[in-house]
Amino acid sequence: MNDKKFYITTPIYYPSGKLHIGHSYTTVAADVMARYKRLQGYDVMFLTGTDEHGQKIEDKAREAGVTPQEFVDNIVAAPGGVLDLWKLMNISYDRFIRTTDAYHVESIQKIFKQMYDNGDIYKGSYKGKYCKPCESFWTESQLVDGKCPDCGREVMDAEEEAYFFRASKYADRVRDLLLNTDFLEPKSRVHEMVNNFIDCEGGLQDLCVSRTSFTWGVPVDFDPGHVVYVWLDALFNYMTALGYQNDQYHDLEKFWPADAHFVGKEIVRFHAIYWPAFLMSMDLPLPKKLYGHGWLNFNGDKMSKSKGNVVDPHLLSQRYGVDALRFFLLRSFPFGSDGNFTNELLIQTINNDLANDLGNLVSRTTAMAEKYFGGKLPEARQANPELDDSLISLAAGLRARYEDHMEKFQFQNALEEIFKVIQRANKYIDENAPWALAKDMEANGPRLAAVLYNLLESVRVCTVLLTPFIPDSCGKIFAQIGADENARTWDSAEQWGLLPGNICVTKGENLFPRIDMAKELSELDAIMEEAKKAALPELEVEPFIEEHVDFDTFCKSDFRAVKVKACENVRKSDKLLKFTLDDGTGTDRQILSGIAMYYKPEELVGKTLVAIVNLPPRKMMGRESQGMLISAVHTEKGEEVLHLLMVDDTIPAGAKLC
């Protein structure tokens, strides 16, 4: 029986829109860790899945004209969905959970009732701010510039009957966990959590854990009308997927507590504060490690479908291969920090590391073995310690250095150690000049055989340790250098000389072709431009008026910059706003505009707008309007949308537009 167990999880993906490369980042990292542990001989459980409840899902399903279940099924299981992406990215998960799975729903209802029965959940009324995209509740003081501190989006006022979890009861224990253990890494996240949410003004607030304003969620079975808050529902997936409070699986005793939760930094708060508090409430063991990695940004900006800068992993995999993409994600950025994805960096990494260093080493070595020995090295080899020892010692000590970094989730550093050996092996070729030795095979054949054998062994050791990162490519390299199963194991990575003396080598395909940087960037720019266009809303523009207006008539219209001094709704009118404007004359100008359905009066005070000021006055709802404000109107998704024309506030009131 294997007593070496390892349980790793990713956050379950919230399927509300298009998948991009950022969604792959966490899961590829977890997959590399799972493969690494399997290589070491561990019995691994790698869990991923989808978090399918919540108000945002319900709203998006309504917009799409389908049921919430149909909506999530479309994103998770349909072609091009989550399951397809993980298959494409070669994700070797052991279990996939969906929070709409019946066994999970059953478990969450039992968990909620147990926390209620032990007094940690109580009924009350929620009134405050709510971020729908993040499914997060906030107090006024926690907002940043009035917006969600996590995603920067607008929040909404929320008021409803709800159940609350006594998070405040566990504040001291959670604080101690964060400050005095290695539970949360990197350490930079610890003080952010403690200072902002526990030691802040008012301390750790009790958490709203049910909703009554929508229905798409796990029903609270003892109080109809309430559904379980999506984060309590989602976090317990790490245990329900092992069989906690259900009979679907029976792995809880074997794998819990989890060895590592990998999560993006935007959801560290839920995992670092509320998840431990939930487990403390249930008197359950805590996970051993929570690692909150950084974001992948695109050209310095967070990826967003609305900005058209979403990087499609399907497209990149088709162009460069899945292994190249997996490698790039973990080679280019320290796992704990933010990374700036650029097309240039992607191509540069593929060319430099995979094509020039690794690909070149494998290609040159196997080609020379075929050319000089017909692919079968002779067993008679002549060593030269002065030329051989530095490469052999570097390769022989690689596994220990690699393991040290991998255990700390320092994937970039682990790969750096591998590529030091690869680069040293390429230099070894130049130092020994096999092509020169081959000119006199009778005299130099044994030495040439030794040089090629040392190169093949260096490739073998590096390939063993690269297997978690680029598994398909490593399988092909092993086949080319003639490495059998015994030469591909974890133990073999610290043993020199495991390739048989009369090894058979076959030069195969070029695994990583070099990419023409300029040509590829041009093509990618064109693709990204199309993506930006596709991200724009579908607009219906009013048809142009075909009747011509002569130039002199147009010039009679007097367009002026005007500053909004005051704005208010007009009584008994749902459409009109009354503007008091500074038009630069020293006398206030009053204009009425039928835009109340598009703007709140307080949003417009202080703005600089554009008005036609030489129209004859007219009465509207008994009030005089002295001009017209200029706006743009279009139809978006069947609804009319209006935007007032606003100009730079440095333009003075009364400035003429021409």
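Helices (H or I, at least four residues) and strands (E, at least two) are DSSP runs, numbered from the N terminus. The views below show a predicted model.

**Figure 1. Overall view of the chain, with 23 helices and 25 strands.** Along the principal axes, the C-alpha atoms occupy a box of roughly 110 × 75 × 40 Å. Of the 658 residues in the chain, 52% are buried. Where contacts link residues at least 6 apart in sequence, 74% of them join residues at least 24 apart. The chain has an accessible surface of about 30,000 Å², and carbon and sulfur atoms account for 49% of this area. The chain carries 74 positive and 97 negative charges, whose mean positions lie 2 Å apart.

**Figure 2. Crossing of helices α14 and α19.** Two packed helices are described by the angle between their axes and the distance between the axes. Helix α14 spans residues 343–373 and helix α19 spans residues 441–466. Their axes come within 10 Å and cross at roughly 145°. The crossing of α14 with α19 is left-handed. On the α14 side, the contact is formed by L358, L361, V362, T365, M368, A369, Y372 and F373. The residues contributed by α19 are M441, G445, L448, A449, L452, L455, L456, V459 and L466.

Figure 3. Most residues other than glycine have a negative phi, and most peptide bonds are trans. The loop holding P257 lies between α10 (252–255) and β11 (260–264).

**Figure 4. Positive phi at N90.** Although N90 is not a glycine, its phi is positive, at about 60°. N90 is placed in the loop between α4 (82–88) and β3 (95–98). With a relative accessible area of 21%, N90 is partly exposed.

**Figure 5. Positive phi at A433.** A433, a residue other than glycine, has a positive phi near 45°. A433 sits in the loop between α17 (411–432) and α18 (434–437). A433 counts as buried because its relative accessibility is 16%, the cut-off for buried being under 20%.

Terms used: Residues numbered from 1 in each chain as written. Predicted model: local features only at pLDDT ≥ 70, side-chain atom pairs only at ≥ 80, totals over all residues. Heavy atoms only, no water. Buried < 20%, exposed > 50% of the residue type's maximum accessible area, 1.4 Å probe, protein only. Contact = heavy atoms within 4.5 Å. Areas by Shrake-Rupley, 256 points an atom, 1.4 Å probe, with all protein chains shown as cover. Lys, Arg positive; Asp, Glu negative; His and termini not counted. Charge placed at Lys NZ, Arg CZ, Asp CG, Glu CD. Axes fitted to C-alpha atoms, helices over the stretch in contact; angles between N-to-C directions. Left-handed = near helix turned anticlockwise from the far one by under 90°.
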